[in-house]
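These are my notebook entries on one structure. I set down what I looked up, in the order in which I looked.

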Amino acid sequence: MNKQILMILKACEFAAEKHRNQRRKDPARTPYINHPLAVARALAEEGGVKDPEILAAAILHDTLEDTQTTLKELQKAFGRRIASMVAEVTDDKTLPKQVRKQRQIDHGPKKSKGAAVIKVADKICNLRDLRQSPPKHWTVERKGQYVEWAREVVNALPIPGHRIRRVFEREYASTGALNSPAASSANLKRRTSSRRGISNG
Ligand code: NDP
Ligand code: ZN
C-alpha cells in the first residue's frame, strides 16, 4: 500500500481516537471528527491541495488545541513537518479569548503555506456549519461577528491567489443572510480596528 495513503489513514484513526468524546456545538451534537475530515476534504477536493502531509495536518488540526495531544506525540507519530503545521494553527488557550482571536489575525502573515491553507479550509467549514448546523442558541448577530472575524483571519494569510481563498470568498458571500443590520454595523467597527491592527503590526 502507498505510504502516503497509510499516513492519511493513520491520521484519521489518531484524530478519531483523540476526539472520540467530543461533539460539535450544533443541536444534533455531530461527532467532532466530522469537522477535521471535512476540512481535509475541502482542501483536497475544492482547494486542489495534493500534498499528503498538508492533508494529514488538516485531519489533525484540532488535536493540540482541543484534546490532550502533545506536540511531541504528533512529532513521534507523524514527523516534524506535520506536527509543526498543526502547532501553527493552534491557539494558546492560556490567553483570553479576545486576545487569541486578535492573534489569529496578527500572526496570519507569518504562517507557512501549509498552515495557511488549513486555516482557510477550517474557516470555510465553520462558515458552512454556521449556515447548515449552527451552534445552539447563537444569535444572528453572533454568527455575523464570527463570519466577519473569519474573513479578517483569512485576509491576513500569505496566500492571496490560492484556489482555497476563492472557495472562502464564495462561502463568505453566501453567508450574507446571516448578517443582520445590527451585526453589520458591529462588524464594520471590528473590521476597521483590526485593519489598524494589521497595518501597525
Ligand atoms: P466560539 O469560538 O465560541 O465558537 C466558534 C468555534 O466553535 C468555531 O471556530 C469552531 O471551532 C467551533 N464549532 C463547533 N461547532 C460549531 C458549529 N456547529 N458551527 C460553527 N463553529 C463550531 O465563537 P466566537 O467566540 O468566535 O464567537 C463569535 C463572535 O460572537 C465573537 O466575535 C464574539 O464577539 C461574539 N460573542 C458573543 C457572545 C454572546 O453571547 N453574544 C459570547 C461570546 C462571543 P473549531 O474549528 O476549532 O472547532
Ligand atoms: Zn477546526
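This is a predicted model: local features need pLDDT of at least 70, side-chain atom pairs count only at pLDDT 80 or more; totals for chains, interfaces and linings use all residues.

Entry 1, ligand shell. I sorted the residues of the shell around ligand 1 and found five nonpolar, four polar and eight charged. I counted Ala, Val, Leu, Ile, Met, Phe, Trp, Tyr, Cys and Pro as nonpolar, Asp, Glu, Lys and Arg as charged, and the others, Gly among them, as polar. The residues around the ligand number 17, and Arg24, Lys25, Asp129, Gln145 and Tyr146 come nearest; a residue is near a molecule if its C-beta atom, placed from the backbone, lies within 6 Å of it. H8 and helix H9 (140-155) are the elements that give two or more residues to this shell.

Residues are numbered from 1 along each chain as its sequence is written, and chains are lettered from A and ligands numbered from 1 in the order in which they are written.

I found 11 helices and zero strands in the protein chain; helices (H or I, at least four residues) and strands (E, at least two) are DSSP runs, numbered from the N terminus. Of its 201 residues, 35% count as buried. A residue is buried if 20 or more other C-beta atoms lie within 10 Å of its own, exposed if 12 or fewer, and partly exposed in between, with C-beta atoms placed from the backbone.

I looked up which residues of H2 are buried: they are His35, Pro36, Val39, Ala40, Ala42 and Leu43. Seen down the axis of H2, these fall within an arc of 155° and so line one face of the helix; the arc is that of the directions from the helix axis to the C-beta atoms. The buried residues of H2 pack against helices H1 (3-18), H3 (52-59), H8 (113-132) and H10 (163-173). Just after H2, glycine 48 has a positive phi of about 70°.

Most residues other than glycine have a negative phi. I recorded arginine 29, with a positive phi of about 50°, in the loop between H1 and H2. Arginine 29 counts as exposed because it has 12 C-beta neighbours inside 10 Å. Histidine 137, in the loop between H8 and H9, has a positive phi near 70°. With 8 C-beta neighbours inside 10 Å, histidine 137 counts as exposed.

Technical notes:
Two residues are in contact if their C-beta atoms, placed from the backbone, lie within 7 Å.
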